[in-house]
Amino acid sequence: MQEPSHETYPVRYKLLDALRGLAALAVVIHHVAAVYIGGFAVMAFFVISGYCIAAASASARRHGLGIRGFLWRRVRRIFPPYLLAIAFWAALRGVKILTGGANDLARPWTEWLQNLTLTQWLTLLHNPQPYPPHNPTLFVGAFWSLCYEEQFYLVMGAMVVLAGLSAVVARWAVVALLLAGLAWNVASPDRVFGLFIEYWAPFACGCLVFYRLCELPRSGAASATRATRMASRGIDVSLVVLAAAAGWWLYERGGMPAPLPNGDELRSVPAELLVSSLVAIVLIVVRRWDALIASALLFKPLRWLGAITFSLYLVHQFNLQLATKVTSKVLGAANVETIAGYTLRVCVLVAIGAVFWFCCERPFLNKPLAARA
């Protein structure tokens with residue numbers, strides 16, 4: 001996307017690629033080594049999604065794309081790789097059946113329909129859970145966040161319509177939903193119903209980062225007014241207050257809840273809000289050094305990992321056994337649960353994700369609107 005104004009920061013934020021790669025790596029390590037950092041990584045994903053989808057909706061508004069064009073670009077980008085991942089999962093389950101394993105494909109047609117349309121959240125409406133991955137309808141637990149992302153797209157599509165009348169109205173709608181989401185989180189912190197409002201706060205933090213950096217003029221810019229400076233400071237202060245309040249709430253609740261006996265996590269709303277607000281604050285603070293960070297030696301592999309993040313996220317969890325078998329063959333069964341074993345398993349999953357990206361995601365990448373025009 002092109003920079004909308006020389007008095008704002010460019011929309012292209014290279015650090016997001018590295019952050020996305022780190023978050024993807026954290027989710028994989030979470031599932032490989034039972035290090036409970038995946039939930040925090042998903043909050044970083046939601047913040048990044050908020051920034052990127054807010055940027056996409058602003059671009060759609062500038063190019064007169066409308067809600068239909070905006071949503072079609074989202075559907076074309078997300079659903080083909082997702083459906084191919086479901087096919088990949090089904091093929092592996094078929095192999096499992098042929099080798100004498102349980103039949104995981106024997107699911108009601110309603111569950112197949114929900115998984116093919118990313119509407120697994122409908123189950124949670126009448127069967128709320130303490131944490132979204134506990135949804136029994138999910139074929140793959142990691143797909144829970146995509147159910148929320150789908151709803152974010154729909155809501156932001158509505159914002160495109162509002163922005164056709166006034167971009168300021170759309171921003172205030174995001175803020176109003178942020179307040180509603182925080183109220184919902186306070187009222188219902190220990191169970192989820194699958195509705196977007198439950199995770200709107202982390203997503204809205206990313207939207208606020210975009211508005212702060214790319215739509216409001218910098219304080220020293222010629223076009224900066226008292227109103228825009230107050231809006232920028234308001235975003236900064238709001239994120240700091242949110243982080244402080246979330247930290248206090250987490251302290252009052254006695255810190256992070258212990259995992260369940262079976263190893264499953266429990267949701268911690270204050271921890272999610274704390275991580276989301278801190279990620280947003282860091283993204284605002286370090287924006288001016290983006291070019292310097294992007295020139296660092298470590299940035300290139302993280303940027304590459306960020307490019308295949310969606311594919312890695314789609315296919316890693318149901319290939320955990322395969323990665324374990326490969327590691328056992330290479331290092332021996334006794335070394336599977338060692339540092340070398342964990343590292344090799346992560347590398348196997350990254351390799352599978354890279355192949356899936358090349359074959360199943362890359363063909364569906366959207367072209368920039370400016371190039372299409």
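I took helices (H or I, at least four residues) and strands (E, at least two) as DSSP runs, numbered from the N terminus. The model is predicted, so I kept its limits in mind: local features need pLDDT of at least 70, side-chain atom pairs count only at pLDDT 80 or more, and totals for chains, interfaces and linings use all residues. Residues are numbered from 1 along each chain as its sequence is written, and side-chain values use heavy atoms, with hydrogens and water left out.

**Entry 1**

I started with Leu 118, which sits in the loop between α4 (109-117) and α5. Leu 118 is not a glycine, yet its phi is positive, at about 60°. Is Leu 118 buried or exposed? Leu 118 counts as buried because its relative accessibility is 1%.

Next I looked up Ala 34, in the loop between α1 (15-33) and α2 (38-62). Ala 34 has a positive phi too, about 55°, and is not a glycine either. Its relative accessibility is 46%, so I put Ala 34 down as partly exposed.

**Entry 2: salt bridges**

Side chains of opposite charge can pair when their charged atoms come close. My rule for a salt bridge was a side-chain nitrogen of Lys or Arg within 4 Å of a carboxyl oxygen of Asp or Glu. How many salt bridges does this rule give? The count comes to 13.

I checked Arg 77 and Glu 361, whose closest N and O atoms are 2.6 Å apart. This pair links distant parts of the chain, with Arg 77 in helix α3 (residues 66-98) and Glu 361 in helix α15 (residues 339-361), 284 residues apart. Arg 77 and Glu 361 are both buried.

Arg 20 and Asp 17 make a local pair, with N to O at 3.2 Å. Both are in helix α1, three residues apart, which is about one turn of the helix. Asp 17 counts as buried because its relative accessibility is 10%. I also noted that Arg 20 and Asp 17 belong to a network of salt bridges that takes in Arg 12 and Arg 303.

I logged one further pair, Arg 267 with Glu 272, at 2.9 Å from N to O. Arg 267 and Glu 272 are both buried.

**Entry 3: empty space**

Rolling a probe the size of a water molecule over the atoms shows where empty space is left. I worked on a 1 Å grid over the protein atoms alone: a cavity is a set of points where a 1.4 Å probe fits but cannot get out, a pocket is an open set with protein on both sides within 12 Å along at least five of seven lines, and lining residues have an atom within 4 Å of a point. Grid points are joined across faces, edges and corners, and a volume is the space filled by probe spheres set on the points.

I found two cavities of 30 Å³ or more. The second largest cavity holds about 50 Å³. Among the residues lining this cavity are Trp 121, Leu 124, Trp 144, Cys 147 and Tyr 148. Which elements give two or more residues to the lining? They are α5 (121-126) and α6 (144-165), and α6 gives the most, with three residues.

For residue classes, I counted Ala, Val, Leu, Ile, Met, Phe, Trp, Tyr, Cys and Pro as nonpolar, Asp, Glu, Lys and Arg as charged, and the others, Gly among them, as polar. The lining of the second largest cavity then splits into seven nonpolar, three polar and no charged.

The second largest pocket has about 660 Å³ of space. I got 26 lining residues, with Val 175, Leu 208, Gly 234, Ile 235 and Ser 238 nearest its centre. Helices α7 (167-187), α8 (200-215) and α9 (226-252) each give two or more residues to this lining. The largest share is from α9, with twelve residues. By class, the pocket lining divides into 21 nonpolar, three polar and two charged.

**Entry 4: tryptophans**

Trp 248 is in helix α9 and is exposed, with a relative accessible area of 55%. From Trp 248 to Pro 270 I got 8.4 Å, C-alpha to C-alpha, across 22 residues of sequence.

Trp 289 lies in the loop between α10 (269-285) and α11 (290-294). At 42% relative accessibility, Trp 289 counts as partly exposed.

Definitions and conventions:
Buried < 20%, exposed > 50% of the residue type's maximum accessible area, 1.4 Å probe, protein only.
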